[in-house]
Amino acid sequence: MKWMFDCDDTLYDLQAPFNETMAEFFPNLDADLDELYKEFRKIGDDVFEIQEAGIISMDASVIYRVVMLCKNKNLDWDIDMAKRFVRTYRDHQYHISLSPIFKEFLEEYGKDVVVLSNGQDEHQRRKFKSLKR
């Protein structure tokens, strides 16, 4: 039997890098991170097509998401902060780890597993490299 999984939010917690970055940039924020992340993702969905068409870069898309989230939630921000947020967020995305249940699963069935990914090639490869640690 062969097993097939999507990488993002299956093999690791997709929201964890966002939570870690928010904690660094807004340590005293009293807000529901799950709700903020949902809004962050929704804003990303709004610009996904123009990003995929190459009109804006992936980093510009994340800057836009941060700026719009901060505006919508009345959080203090400036463009330099948004750029630093993106760098920090990316760094956290490249330091992810397998969820414990999948680590155990892959140790047992790893030869029969296929992992799918639909993100930007280099970005996804860096996440896979991090997951192999």
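Leaving aside its neighbours within four places in sequence, His 92 is in contact with Pro 17, Glu 20, Thr 21 and Glu 24, where contact means heavy atoms within 4.5 Å. The model is predicted, so local features need pLDDT of at least 70 and side-chain atom pairs count only at pLDDT 80 or more, while totals for chains, interfaces and linings use all residues. Residues are numbered from 1 along each chain as its sequence is written, and side-chain values use heavy atoms, with hydrogens and water left out.

- His 92 lies in helix α4; helices are DSSP runs of H or I with at least four residues, numbered from the N terminus.
- His 92 counts as buried because its relative accessibility is 15%, and buried means under 20% relative accessible area (1.4 Å probe, protein chains only).
- The side chains of His 92 and Glu 24 make a polar contact at 2.5 Å. A polar contact is a pair of N or O atoms within 3.5 Å; within protein, one must be able to donate a hydrogen and the other to accept it, and residues adjacent in sequence count only if both atoms are side-chain atoms.
- Thr 88 is also found in helix α4, and Thr 88 is buried, with a relative accessible area of 17%.
- Apart from its neighbours within four places in sequence, Thr 88 is in contact with Thr 21, Glu 24 and Phe 25.

**Helices α1 and α4**

- The axes of helix α1 (residues 16-25) and helix α4 (residues 79-93) come within 9 Å and cross at roughly 140 degrees. Axes are lines fitted to C-alpha atoms, for helices over the stretch in contact, and angles run from 0 to 180 degrees between N-to-C directions.
- This angle makes α1 oblique to α4; angles under 35 degrees count as roughly parallel, over 145 as roughly antiparallel, 65 to 115 as roughly perpendicular and the rest as oblique.
- The contact is made by Pro 17, Phe 18, Glu 20, Thr 21, Met 22, Glu 24 and Phe 25 of α1, together with Met 81, Arg 84, Phe 85, Thr 88, Tyr 89, His 92 and Gln 93 of α4.

**Helices α1 and α2**

- The axes of α1 and helix α2 (residues 33-52) come within 10 Å and cross at roughly 110 degrees.
- That angle makes α1 roughly perpendicular to α2.
- Phe 18, Asn 19 and Met 22 of α1 make the contact with Leu 33, Leu 36, Tyr 37 and Phe 40 of α2.

Methods: Helix = DSSP H or I, 4+ residues; strand = E, 2+ residues; numbered from the N terminus. Buried < 20%, exposed > 50% of the residue type's maximum accessible area, 1.4 Å probe, protein only.
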